[in-house]
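Hi everyone, thanks for coming.

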Amino acid sequence: LEIARRAVTGWLRERKIPEECPDSESLCAPGAAFVTLRQRGQLRGCIGYTEARAPLYRTVQECAVAAATEDPRFPPVADRETAGVSFEISVLSPLSPVSAEEVSVGVHGLMIRKGTRRGLLLPQVATENGWDRTTFLQQVCAKAGLPPGAWERGAKLYSFTAEVFGE
């Protein structure tokens, strides 16, 4: 969480992500993650990688900066706003093909792919919204810009789990 906050602050103030040298094997191992920003409890940005491309600490830095500055749903976070922004990190397991019947709400996150469309929802999204499995499946379809029942008509579903922690 501190690495994420330092990355955003460094980027907003100096257009530079601070050098980090974590003394942790798990932070230096390749990792996939999403960083979610909230302001006054409302979503302010969320960006992540579904596959490990870099050490986890670097993934967190890049995703934190992208969530603050590149999420197309929101204007970029200004430096003066950072004190009021809370950070949440979701460290993802590898994606695994799954059938709709195997989806466990509150345990699994979902990604759907069909043609060029793709959508992803983190596991905590279904729980936070009180969704059942069908609603979760419909919402991941909506996120991808697909019709509500696309998971039943040729789309591929992938599940993952996440270790989620935040401020």
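Let's start with the lining of the largest pocket: 11 of its residues are nonpolar, eight are polar and nine are charged. Here Ala, Val, Leu, Ile, Met, Phe, Trp, Tyr, Cys and Pro count as nonpolar, Asp, Glu, Lys and Arg as charged, and the others, Gly among them, as polar.

Quick background: this is a predicted model, where local features need pLDDT of at least 70, side-chain atom pairs count only at pLDDT 80 or more, and totals for chains, interfaces and linings use all residues. Residues are numbered from 1 along each chain as its sequence is written, and side-chain values use heavy atoms, with hydrogens and water left out.

What's a pocket? On a 1 Å grid over the protein atoms alone, it's an open set of points where a 1.4 Å probe fits, with protein on both sides within 12 Å along at least five of seven lines; lining residues have an atom within 4 Å of a point. Volume is the space filled by probe spheres set on the points, which are joined across faces, edges and corners.

The largest pocket holds about 690 Å³ of space. Its lining has 28 residues, and Phe34, Cys46, Arg73, Leu120 and Lys143 are the closest to its centre. Which element gives the most to that lining? That's β2, with five residues. Strands are DSSP runs of E, at least two residues, and helices are runs of H or I, at least four, numbered from the N terminus.

The second largest pocket has about 160 Å³. Its lining has 10 nonpolar, two polar and no charged residues, and α3 gives the most, with three.
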